Amino acid sequence: NAGTAGIAIVTGNSSGGNFNIVSGNLVEGCNIGVLFSQNYNNISSNIVVGGVTGITCSGSSVDWVVASNVVQGATTRGIYINTCGNGNINGNSVDSSSATNEIEVVGSENLVDGNSAVAGTIDTTGCTTCVVADNNI
């Protein structure tokens, strides 16, 4: 599955990519484990192993949740929030020792709390009006 997203929630789905729950999945060896680019999505309790990026939000998504996921072995980023806002990154465990950042957040008005970055950093330099609290680094 290299070069593909294991699970992709994007425009073109029956809901237009909005209002989805992605939970309880095991995704291994995909370029991106879970990709979402729309609004009101809940990505929780998944296990993502390997690949380039574990979980990615892109496309100016708003009002989403990435919670209680386990990401291991991603080579670039464990969780990457790219220009998404009004979201909640909470209670995730990321262990990707070769990744530049365990969690990287670019966007605005995001809550980043209660995460564990086992082997790296949580980079919120590209995040405006964000709350970063109670993370384990």
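Before the views, some housekeeping. This is a predicted model, where local features need pLDDT of at least 70, side-chain atom pairs count only at pLDDT 80 or more, and totals for chains, interfaces and linings use all residues. Residues are numbered from 1 along each chain as its sequence is written, and side-chain values use heavy atoms, with hydrogens and water left out.

**View 1. Five strands line up in an open, parallel sheet.** The order here is β3-β6-β9-β12-β15. Strands are DSSP runs (E, at least two residues), numbered from the N terminus, and two of them count as paired if DSSP finds at least two bridges between them. β3 (26–28) and β15 (116–117) sit at the edges with a single partner strand each, so one side of each has no neighbour in the sheet. Further in, β6 (residues 47–49) and β9 (residues 70–72) run parallel and share three bridges. Look for Ile47, which stands opposite Val70 in β9.

**View 2. Leu26, Ile47 and Val70 make a nonpolar surface patch.** The patch covers about 240 Å², with areas from the Shrake-Rupley method using a 1.4 Å probe and only the protein chains shown counting as cover for residues. To join a patch, residues need over 30% relative accessible area and no salt bridge; nonpolar side chains (Val, Leu, Ile, Met, Phe, Trp, Tyr) are joined within 5 Å, like charges within 9 Å. A salt bridge, for the record, is a side-chain nitrogen of Lys or Arg within 4 Å of a carboxyl oxygen of Asp or Glu. Val70 belongs to strand β9.

**View 3. Six strands form another open sheet with parallel pairing.** This one reads β1-β4-β7-β10-β13-β16. At its edges are β1 (5–9) and β16 (122–128), each pairing on one side only. Neighbouring strands are turned by 5 degrees against each other on average, direction ignored; the axes are lines fitted to C-alpha atoms, and angles run from 0 to 180 degrees between N-to-C directions.

**View 4. Strand β13 (residues 101–108) is mostly covered.** Ile103 has Ile122 as its bridge partner in β16.

Notes:
Helix = DSSP H or I, 4+ residues; strand = E, 2+ residues; numbered from the N terminus. Buried < 20%, exposed > 50% of the residue type's maximum accessible area, 1.4 Å probe, protein only.
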